[in-house]
Amino acid sequence: MARLVAKYAPVALVAALLVATALAFVYTEKLKLTLSPILGPQIDKVLSPTCDCKTDTAKISFRLRKGDRLTVDVIDRNGDSVRTLIRSKPTPRGRVTLHWDGRAQNGEVVPEGSYKPRVHLVGEHRTIVLPNPMRVDVTPPHIRLVSLAPRVFSPDGDGRKERIIARYAIDEPANALLFVDGIQRVFKRGQKEKGRIEWFGKVGGEPLPPGTYRISLGARDMAGNLGAHTPEKKILIRYVALGRERIETVAGARFAVLVLSDAARVRWKLGKRAGIARPGTLKLRAPLQPGRYTLTVTANGFSDHAAVIVREPKP
């Protein structure tokens with residue numbers, strides 16, 4: 001009898017293994033055919049709990065095929081829960097939307113890294129980890145100003161030195177920002193780590209008045225972290241400028257004044273006379289009658305003035 005059992009034992013073992021494999025296969029196929037109770041997950045990819053911006057929380061949204069009691073946790077890479085968002089809450093079928101502020105159960109910001117939502121359905125006796133990771137990032141980007149040119153420009157619409165160009169480098173993908181006197185004026189689309197950002201000297205579509213302005217750059221990453229500004233650099237908006245505000249001469253004498261402008265031509269007016277000249281050294285003749293006159297030089301609609309004091313020639 002013992003010999004008979006020994007003879008057929010391997011056959012029985014193989015048969016048992018085949019049956020177990022078949023049952024496992026059937027169970028697996030049944031699971032594949034079972035409709036998932038959760039549909040259409042929509043989960044924010046990145047957040048910064050410290051940025052005080054619209055990305056300081058992550059939205060977790062999905063559709064529930066039928067009503068159930070839900071427990072939703074946020075888990076780390078090891079599968080450990082760091083925060084329970086809802087616990088055994090009766091939830092009807094349809095869209096479920098929750099928010100996570102990047103903080104643990106004790107209220108502290110979790111370490112940087114990837115996290116996932118885990119949904120437990122009490123009625124279904126199922127636990128599903130949603131595949132969409134949420135990355136917590138609280139480190140601001142660092143931007144460096146590589147170059148800024150020109151330092152003098154004229155946004156007057158004539159196509160000559162209409163803008164400044166700032167070239168930069170960032171230590172991570174981020175949007176570059178340009179600030180004028182501490183106010184953000186340009187947001188650069190795209191998040192390349194090297195590039196250029198331009199400013200056309202306008203606010204609300206209107207060119208700013210002539211004068212000195214302070215330029216700095218900043219960067220904001222995908223999580224919303226804003227990096228520190230670069231040191232400020234001064235630039236000058238100049239349409240037309242005269243080298244002197246007051247000119248003293250004698251009646252009928254020739255005098256010269258420096259005209260600075262990016263325009264190809266400027267218009268001048270002194271007393272009853274007027275003309276057109278190139279920027280640079282403007283040479284004129286004083287009026288024949290002594291008195292106080294105003295020299296007006298205009299370039300593309302912008303003007304500068306100088307007082308011309310004409311005296312009697314010495315005998």
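Reader: Glutamate 198 first. Buried, partly exposed or exposed?

Author: Glutamate 198 counts as partly exposed, at 24% relative accessibility. Keep in mind that this is a predicted model.

Reader: Which side chain does glutamate 198 meet in a salt bridge?

Author: Arginine 196. The N to O distance is 2.6 Å. Arginine 196 is also partly exposed, at 29% relative accessibility.

Reader: Which residues are in that network?

Author: Arg163, Arg196 and Glu198. Salt bridges with shared partners join them into one network.

Reader: How many salt bridges in the whole structure?

Author: A search of the whole structure gives 11.

Reader: Next, aspartate 181. What does it form a salt bridge with?

Author: Arginine 214, with the closest N and O atoms 3.7 Å apart.

Reader: Where do aspartate 181 and arginine 214 lie?

Author: Aspartate 181 is in the loop between strand E13 (174–180) and strand E14 (183–187), while arginine 214 is in strand E18 (residues 211–221). The pair therefore ties together parts that are 33 residues apart in sequence.

Reader: And their accessibility? Buried or exposed, or in between?

Author: In between. Aspartate 181 is partly exposed at 32%, and arginine 214 is partly exposed at 33%.

Reader: What about aspartate 137? Which side chain does it meet?

Author: Arginine 135, in a salt bridge of 3.4 Å, N to O. Aspartate 137 counts as buried, because its relative accessibility is 8% and the cut-off for buried is under 20%. Arginine 135 counts as partly exposed, at 35%.

Reader: Switching to serine 154. Where is it?

Author: In the loop between strand E11 (152–153) and strand E12 (164–170).

Reader: Buried or exposed?

Author: Serine 154 is buried, with a relative accessible area of 1%.

Reader: Which side chain does serine 154 have a polar contact with?

Author: Aspartate 262. The contact between the two side chains is 2.9 Å.

Reader: What else does serine 154 touch?

Author: Leaving out residues up to four places away in sequence, serine 154 touches Arg160, Lys161, Glu162, Arg238, Tyr239 and Asp262.

Reader: Sheets now. What is the order of the one with E12 in it?

Author: E10-E12-E15, an open sheet of three strands with antiparallel pairing. Strand E10 (143–149) and strand E15 (194–199) are the edge strands, each pairing on one side only. Neighbouring strands here are turned by 25° against each other on average, direction ignored.

Reader: How many bridges join E10 to E12?

Author: Six, and the two strands run antiparallel. In that pairing, alanine 149 stands opposite isoleucine 165 in E12.

Reader: And the sheet with E20? What order?

Author: E20-E22-E25. This is an open sheet of three strands, with antiparallel pairing.

Reader: Why is one side of E20 and of E25 left without a neighbour in the sheet?

Author: Because strand E20 (240–242) and strand E25 (280–285) stand at the edges, each with a single partner strand.

Reader: How far are neighbouring strands turned in this sheet, on average?

Author: By 35° against each other, direction ignored.

Reader: Last one. How many bridges join E20 to E22?

Author: Three, with E20 and strand E22 (residues 254–261) running antiparallel. Valine 240 stands opposite serine 261 in E22.

Definitions and conventions: Residues are numbered from 1 along each chain as its sequence is written. This is a predicted model: local features need pLDDT of at least 70, side-chain atom pairs count only at pLDDT 80 or more; totals for chains, interfaces and linings use all residues. Side-chain values use heavy atoms; hydrogens and water are left out. Helices (H or I, at least four residues) and strands (E, at least two) are DSSP runs, numbered from the N terminus. Buried means under 20% relative accessible area, exposed over 50%, partly exposed in between (1.4 Å probe, protein chains only). A polar contact is a pair of N or O atoms within 3.5 Å; within protein, one must be able to donate a hydrogen and the other to accept it, and residues adjacent in sequence count only if both atoms are side-chain atoms. Contact means heavy atoms within 4.5 Å. Two strands pair if DSSP finds at least two bridges between them. Axes are lines fitted to C-alpha atoms, for helices over the stretch in contact, and angles run from 0 to 180 degrees between N-to-C directions. A salt bridge is a side-chain nitrogen of Lys or Arg within 4 Å of a carboxyl oxygen of Asp or Glu.
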